[in-house]
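Please consider the model shown below with attention to its ligand sites and to one of its chain interfaces. The briefing is arranged by topic.

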Amino acid sequence: MTALMYDRENPWEVTTRTIVYAAIGAALYAITAQFQFPLPGTANVFLRPSFALVPFFGFAFGPIVGLFVGLVGNAIADQISGWGLLTSWNWSLANGLAGLIAGLAGYWLAGGIRNRVARSAVAAAIGVVIGFLFVLTDIWLGTAEDIGVAMVDNYIPVVIGNLIVSVILVPILVAAWEPVRESIGR
Amino acid sequence: MPTVRVTPRYLGRGSWLARRDPRLLVISLALFVLAVVQVWDLRILALLGLVAYLYYRSARIPFREVRGNWAYVLFFVTFIIVVNTILTGGELRGYTDEQLHVYFRLPLLGTPISAESLTYAAAQYMRFIPMAAMGFPIAFAVAPADIGPAFARLGVPDRFAYALDLTYRFVPSLAADMRTTIDAQRVRGYDWEREGRGPVGKVKRVAPLMVPVTVNAIVGAEDTIDAMDLRAFGTGPRTWLRHLAFDATDRLVLAGFAVLLGIVTVLSQTGHTELWVPELLQRLGS
Amino acid sequence: MAASSAPLVEVDGLTFRYRRAAEPALRDLSLSIGPGEVLLVAGPSGCGKSTLIRALNGLIPHAYRGERTGTVRIDGRDTAEMKLRDISLLVGTVLQDPTRQIVGSTVEAELAFGPENLGLPRGEILERLDAVRTRAGIEQLAGRETAELSSGEQQLVAVAGILMMRPSLYVVDEPLANLDPATAARLLSMLRRLADEGSAVVIVEHRVEEALELEPDRILYLDEGRTRYLGPVAGFLRVADPAAVKLPFGAVLDRIRADPGLSLPAASDPDPPATASADPAGPRRDPARASTPRLAYDGVRVRLDGREVLRGLSTSLGAREVVAVLGPNGSGKTTMFRTAIGLVRPDAGEVSVDGQPAAGRTVAELARVFGYVFQSPSQMLFARTVREELLFGPRNLDLAGEDPDRLASDALHRVSLSAEPEIMERPPLTLSFGQQKRLALAVALALQPRTLILDEPSAGQDHRTAERFMREVAAIPGLDGIYLVTHDVDLALTHADRIILLGGGQIVADGPPSEVAADAERWAACNLRRTSLMAANLARQRPDRRFVEATALARRIVEEENRGGSVVPPGIE
Ligand SMILES: Nc1ncnc2c1ncn2[C@@H]1O[C@H](COP(=O)(O)OP(=O)(O)OP(=O)(O)O)[C@@H](O)[C@H]1O
Ligand SMILES: Nc1ncnc2c1ncn2[C@@H]1O[C@H](COP(=O)(O)OP(=O)(O)OP(=O)(O)O)[C@@H](O)[C@H]1O
Ligand SMILES: [Mg+2]
Ligand SMILES: [Mg+2]
């Protein structure tokens, strides 16, 4: 059992560690997700600072953890608020994909961007931009009329909001966690 | 980041729905959601709403306890509808501008308010609110310890089912940690509501809460990981102590929802679920 | 005891160095433990106690990487060659912090967790559940959610979860830290019974005085990873360092009698006035200046979550007092001071600070009067560097002034952290626990409060460190008074000049230590431990009626004996 994913060969390995980090991340995201505020000057762009936890957990502990934190965290957040566990299941999945892809992007970029803090910001941004494409499924589910509406109403606002919080907060989290990682671990 | 009340509340304890197999609650919600998303016809939605209402009532969740949750749902549905129908020009269900029965146009935006858009808005309410109602019992009428077994028996691999269990286990304790951290920072003159400098400043102001809670939780996880490894977690096939079995009633309910989905799907495929605009409303417009 | 039969555990020449550490955490350790034996492991913080536990339960080498030499055999088999799963059938471990060990959201889920992982049949698990619930005496907790349990109840449930595994060796890491005396006694008797029935028990505890109630067969005393002593209790009491581990007062007295010149770190100053201030500008205990109280409660009631936590609290605390608040878990101690700083607003009654109602003042304003130090320091550390961390508060309140660097270094200096190299630029979360604790103190001091409020200052620290921390706090210049909440009876009695006993949200007793402690019945009713040091102090009151720390008291008694003075009072051996 290896301490942390950077030492691991296989990003898909599931250990007790993966399970516990995933559960912690999802719980944290779920309890803080209600806190959001509109981006001034826009009507439907919300900043949800705690979203940064999703790419952070994906980046720091691997794609599986990222997927779980986004998917389960968002679903439970919806459940806590009353919106319902599965009412917006495709949005939960989009959150999960953002975490998953941020985790994978962390790997892909490992050779390219040496500075881990900078790399985390880029990985998070990639995760958000690609992962949230999944909300376009709203077209089939009937919440959005067509691709134009889905882009303008759903995809673009959520990507803008989540890009802002991720690019600001993920590096802060990584910078705080990195030195601690060195001092704990096995 | 203030937190809402997050401790799991088993409000429906002992009710008819709480006595059902927890898997049933998940599956019926899924079937119901699949049915609802196919429907725009208010009349069918009303029927589905009635089903959802009866189902919700059978969980006997005291309204007083969940007022806040319902307020949130209403607010959010309204938000979605306003954005969807008004701000984006009121395009809906394939209607062209000429087909609309317009009452008036919004100043500035020019969005037409029409018989169609009102019906559409009503349909949106009738879609989302029953879905939320069907979701409430999962939050309030499933024993917290049943979540893991329920998903495990739905085919989710043991370890991930346990991760779900563990998530619910961490929610109350991490929320308490969050409250402590909020207090500790308030003592240092921190106030998250204070005007940040622009959106960036506002997001940054979350760091004094997010960083300590997150890093502490991760550091504390070392012990949890040890405790699980030391009790042979994930080393082989797992027994779930909670025995889940569908009884006759469960099967009946499940069959009911399956039939409902079947009927709705047939109606939808044959074009009977599209937006239905009442005559009366049409006549009022032009 | 059946200790003579074939050993269950054999440790032979074990040395272990963690992957990231420069020095080994355990060096050349050999010992064997037989069925039915109880081994107490003691030693100061960082001496390798938890590392030994990890070696016994197989986490070393299976989960922790590092350099290991020597062997650990359980039931004749080398743990390095066994699977963790197989070791878990033989060794059951209770970790130090039950809130982290517990993984189930209900009591039953927690108990069933181990057997479920082993894939035992459902019927068998249910049988074990019944047996364990009775044995651990937690029948009344059936069906409860673990998050709602008190810390003592959580500890019992954590132990019960291990009982479910039916191991032959129980390994328990500092189980007494969170427990009140009644719960502690229950836990110890449960462990004792396990040993009597043939299991082996290894218990780590630096509160030796309390752990001795378990009647251990042998004690292993570790220091810096080395075995300093391994053998029966009597011999241990003769060699252990009373400053590092907390010994019964009788043992300390014997040591001083045998060697009056014994130099013990904690007693370098033979009779330190318990909370002496190094700075003449900040003396406390000055009854003459008892004008307006710093903090006054008048019929304060607080409800939280529908429960009345403070029930008509009325008292006043002077600016220059050192007050310790003691009481059972959940009696409202923390809430009492949270109202002082405005984090909780009373539902009825009034809190006033320096004669002014606190109601109209913000938390931030009150933070300039009271420096509030939370129990767990890491819960507020977030900045990139120690400097940023220190300046966060002053900047929020526009107090940073012209020379923020000076403000930061002053604060560090006052908590004796400034000698640490490069300290200003270090990430706060990488500091050791003790350093974080002091940084938290410095953070509070950076707002230049006049009174300090310390919540559980000794939590998570060993005896020596906690004592030193309190002495340093007392010596901080420029402070008027200190209010502290603690479960450590000796710490409270020796450092405070006034004790408030809280029970059920009301004041049960209030007065100088000697007076409050004298009523044994009331003391026990508040679920407080009657320590040997306390008994000794009560038996031999000093003229100023202050309680003194163990070595100082022992020294004084020995001096008097040598002068042919009063005989040792009875009841303190
Ligand atoms: N995972 C780890 N990586 C590196 N060093 C470690 C690790 N865990 C412990 N150490 C170091 O090993 C030494 C022994 O630690 P250990 O936790 O065994 O002490 P302890 O006696 O249990 O202390 P305490 O009473 O504070 O719990 C310490 O110096 C500690 O810093
Ligand atoms: N924010 C809160 N919401 C609800 N209940 C609370 C809250 N804070 C404390 N309580 C409850 O109030 C009671 C008193 O709590 P408090 O923390 O003051 O006790 P304490 O004497 O400090 O206990 P301990 O010795 O365990 O620290 C407890 O039963 C606790 O569960
Ligand atoms: Mg330890
Ligand atoms: Mg307290």
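The structure is a predicted model. Residues from chains A and C surround ligand 1, so that site is shared between chains. Ligand 2 has a shell of 13 residues, to which β12 and α12 of chain C each supply at least two. Chain A and chain B bury about 6,100 Å² between them.

- Ligand 1 has 13 residues around it, and the nearest are C:Ser45, C:Gly46, C:Lys49, C:Ser50 and C:Thr51.
- Helix α1 of chain C, spanning residues 49-56, gives the most to this shell, with four residues.
- By class, the shell around ligand 1 holds six polar, four nonpolar and three charged residues.
- The side chain of C:Ser50 places an N or O atom 2.7 Å from an oxygen atom of ligand 1.
- Polar backbone atoms also approach oxygen of this ligand: that of C:Gly48 lies at 3.0 Å, and that of C:Cys47 at 3.2 Å.
- On its own, ligand 1 has 640 Å² of accessible area, of which the protein covers 69%.

- Two elements of chain C, β12 (307-317) and α12 (333-340), each contribute at least two residues to the shell.
- The largest share, three residues, belongs to α12(C).
- Seven residues of the shell around ligand 2 are polar, three are nonpolar and three are charged.
- C:Gly330 takes part through its backbone, with an N or O atom 2.8 Å from an oxygen atom of ligand 2.
- Taken alone, ligand 2 exposes 630 Å², and the protein buries 68% of that area.

**Interface of chain A and chain B: extent**

- The size of an interface is often expressed as the accessible area that is lost when the parts come together.
- For chain A and chain B that buried area is about 6,100 Å², and 77% of it is on carbon and sulfur atoms.
- In terms of residues, 63 of chain A are in contact with 74 of chain B.

- A salt bridge joins the side chains of A:Arg17 and B:Glu222, with an N to O distance of 3.2 Å.
- By class, the side of chain A that touches chain B comprises 44 nonpolar, 14 polar and five charged residues.

Note on methods
Residues are numbered from 1 along each chain as its sequence is written. Chains are lettered from A and ligands numbered from 1 in the order in which they are written. This is a predicted model: local features need pLDDT of at least 70, side-chain atom pairs count only at pLDDT 80 or more; totals for chains, interfaces and linings use all residues. Side-chain values use heavy atoms; hydrogens and water are left out. A residue is near a molecule or strand if one of its heavy atoms lies within 4 Å of it. A polar contact is a pair of N or O atoms within 3.5 Å; within protein, one must be able to donate a hydrogen and the other to accept it, and residues adjacent in sequence count only if both atoms are side-chain atoms. Accessible areas come from the Shrake-Rupley method with a 1.4 Å probe; for residues, only the protein chains shown count as cover. Ala, Val, Leu, Ile, Met, Phe, Trp, Tyr, Cys and Pro count as nonpolar, Asp, Glu, Lys and Arg as charged, and the others, Gly among them, as polar. Contact means heavy atoms within 4.5 Å. Buried area is the accessible area (1.4 Å probe) that two parts lose on being put together, summed over both. A salt bridge is a side-chain nitrogen of Lys or Arg within 4 Å of a carboxyl oxygen of Asp or Glu.
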